[in-house]
Amino acid sequence: MALVPYNDTLLPALAKLHESSAEFDLANHRIRISQNWNQLGVAAVVWDAAVVLCMFLEMGTIDLKGKRAIELGAGTGLVGIVAALLGAKVTITDRKPALEFLAANVQENIPPNQQPSAQVSELTWGENLDLYPPGSYELVLGADIVYLEETFPALLKTLEHLSSENTVVLLSCRIRYERDERFLMDLKRRFSVEEVHYDSERDVHIYRAVKNTSKTEL
Ligand SMILES: C[S@@+](CC[C@H](N)C(=O)[O-])C[C@H]1O[C@@H](n2cnc3c(N)ncnc32)[C@H](O)[C@@H]1O
């Protein structure tokens, strides 16, 4: 299994992951994200899938104002930050080792009066899910979280737990390996899934998934 979710032929495009920060103009804000690949690895750099999902949210296809949202595997938190700036109330989650860095980026980029709209919280897929009320989010967001095969069952369980049939799940993915396709097939057994966006420049797909109650009961 690859330790990092890319293959070596893409290395020139990856230099930006080694920068100590990355800047974006999104949601009418200049956002500056600190990065730390050397110490924290995949969770401390901004992946293209996050940028594409932010641009998709900015398009306004989904109304975020006042929506209860949760981001899974947030890494540096760019997606959650943008969702909060666009008006959502977001719980921004990742595994424990990523949280301190994540919280600092969130605090740095959300104006003080909007800070209550963005909570950083630990969520390791499949674990302690009872801390998150089932089906209570209107929007579940995930950028580049489909990459580790051993986490797929727990990720699917987490998506099912967090979603009601009224929840929209948006997953932005670079499909690198056949196993990533297999995850999507498993997702389709539980959710109605459609591709709603493709960024050809960055090779990132966005899938919209809605829990299908009748499929869950099969
Ligand atoms: C490739 S990074 C993507 C980070 C961010 N979403 C982005 O696109 O910039 C994958 C993220 O998933 C998180 N992750 C991996 N396995 C996880 C698990 N079992 N539970 C929760 N988060 C996990 C990592 O900590 C990391 O932040």
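How many residues surround the ligand, and which are the closest? In this predicted model, 18 residues surround the ligand, and the closest are W47, G73, D94, W125 and A143.

**View 1. The shell around the ligand.** The residues of this shell divide into 11 nonpolar, four polar and three charged. The space that the ligand takes up is the largest pocket, and W47, G73, D94, W125 and A143 are the closest of the 18 residues that surround the ligand there.

View 2. An oxygen atom of the ligand lies 3.0 Å from a backbone N or O atom of W47. On the nitrogen side, a polar backbone atom of W125 is 3.0 Å from a nitrogen atom of the ligand, while a backbone N or O atom of A143 lies 2.8 Å from a nitrogen atom of the ligand. Taken alone, the ligand exposes 590 Å², of which the protein buries 97%.

**View 3. Spans annotated as transmembrane region.** The unreviewed UniProt entry places the feature "transmembrane region" at residues 37-57 and 69-88. In the model, residues 37-57 are 67% helix and 0% strand, with their end C-alpha atoms 26 Å apart. For residues 69-88, by contrast, the end C-alpha atoms lie 6 Å apart, and this span is 40% helix and 20% strand.

Terms used. Residues numbered from 1 in each chain as written. Predicted model: local features only at pLDDT ≥ 70, side-chain atom pairs only at ≥ 80, totals over all residues. Heavy atoms only, no water. Near = heavy atom within 4 Å. Polar contact = N/O pair within 3.5 Å; in protein donor to acceptor, adjacent residues only side chain to side chain. Areas by Shrake-Rupley, 256 points an atom, 1.4 Å probe, with all protein chains shown as cover. 1 Å grid on protein atoms, 1.4 Å probe; cavity = no way out; pocket = protein on both sides within 12 Å on 5 of 7 lines; lining within 4 Å. Sits in = over half its atoms within 2 Å of the grid points. Nonpolar A, V, L, I, M, F, W, Y, C, P; charged D, E, K, R; others polar. UniProt positions renumbered as here; feature names shortened; annotations may be inferred. Helix = DSSP H or I, 4+ residues; strand = E, 2+ residues; numbered from the N terminus.
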